[in-house]
Amino acid sequence: MLRSITIASFLESTIVPIPLEAVLVPLMQARREKLWLIALMATVGCIIGAVFGYALGYYLFDVVGDWVINTFSNPEQFEQVKQKMQGQGFWFVLSLGIIPIPFQIAMLAAGATKFSLVLFLLATVIARSIRYFGLALVVYYAGNHAERIIQKHKTKALVGLSILVLLLWWLSTLI
């Protein structure tokens with residue numbers, strides 16, 4: 001079961017942009033004795049997937065990057081994006097790891113711009129831990145009512161977390 005969660009999380013973070021929450025919450029409710037381990041394995045699967053996505057951006061962009069830049073942009077614009085990614089990439093990755101936007105964007109952008117792998121992994125671990133351990137926390141306290149509570153407050157929680165991350169991002173530019 002735990003291996004399946006890790007594989008499903010890997011797939012969700014790489015090629016299947018369908019939220020894992022639909023499976024995780026009922027599983028966490030049914031297996032409360034393994035609640036924290038389920039959250040950990042989902043996080044590990046996502047991190048492995050993130051490294052895979054980063055590598056794709058890192059290596060494949062070298063192969064097709066010039067064509068992509070010249071077709072959809074220009075070298076000057078890409079250089080600006082690259083500089084912004086180097087300066088604010090941590091917050092970009094952290095934001096996309098929390099906000100319900102496909103995380104593949106962050107993985108590929110980080111790899112393509114050769115963003116620091118260590119900072120990429122740190123932002124990924126923080127974002128995905130918030131996501132999966134946050135679900136586990138709700139299940140821990142709400143039990144069988146967790147799905148209803150998550151469904152009812154999901155948008156408010158995502159907006160609140162997004163505002164918090166964006167505020168921290170903004171504050172980091174002042175320091």
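We talk about the pocket and then the aromatic rings.

Q: What should I know about the model and its numbering first?
A: It is a predicted model, where local features need pLDDT of at least 70, side-chain atom pairs count only at pLDDT 80 or more, and totals for chains, interfaces and linings use all residues. Residues are numbered from 1 along each chain as its sequence is written, and side-chain values use heavy atoms, with hydrogens and water left out.

Q: Thanks! Which residues are closest to the centre of the largest pocket?
A: Glu21, Arg131, Leu135, Lys154 and Leu158, out of 34 residues that line it.

Q: And what is the make-up of that lining, nonpolar, polar or charged?
A: There are 22 nonpolar residues, six polar and six charged (Ala, Val, Leu, Ile, Met, Phe, Trp, Tyr, Cys and Pro count as nonpolar, Asp, Glu, Lys and Arg as charged, the others, Gly among them, as polar).

Q: Is Glu21 buried or exposed?
A: Buried, because its relative accessibility is 18% (buried means under 20% relative accessible area, exposed over 50%, partly exposed in between, with a 1.4 Å probe and protein chains only).

Q: Switching to rings: how many aromatic pairs are there?
A: The structure holds eight. Tyr54 and Phe120 form a tilted one, 5.1 Å centre to centre with 35° between the planes (ring centres of Phe, Tyr and Trp, using its six-membered ring, lie within 6.5 Å; planes under 30 degrees apart are stacked, over 60 edge-to-face, the rest tilted).

Q: Are those two buried or exposed?
A: Tyr54 is buried at 8%, and Phe120 is buried at 0%.

Technical notes: 1 Å grid on protein atoms, 1.4 Å probe; cavity = no way out; pocket = protein on both sides within 12 Å on 5 of 7 lines; lining within 4 Å.
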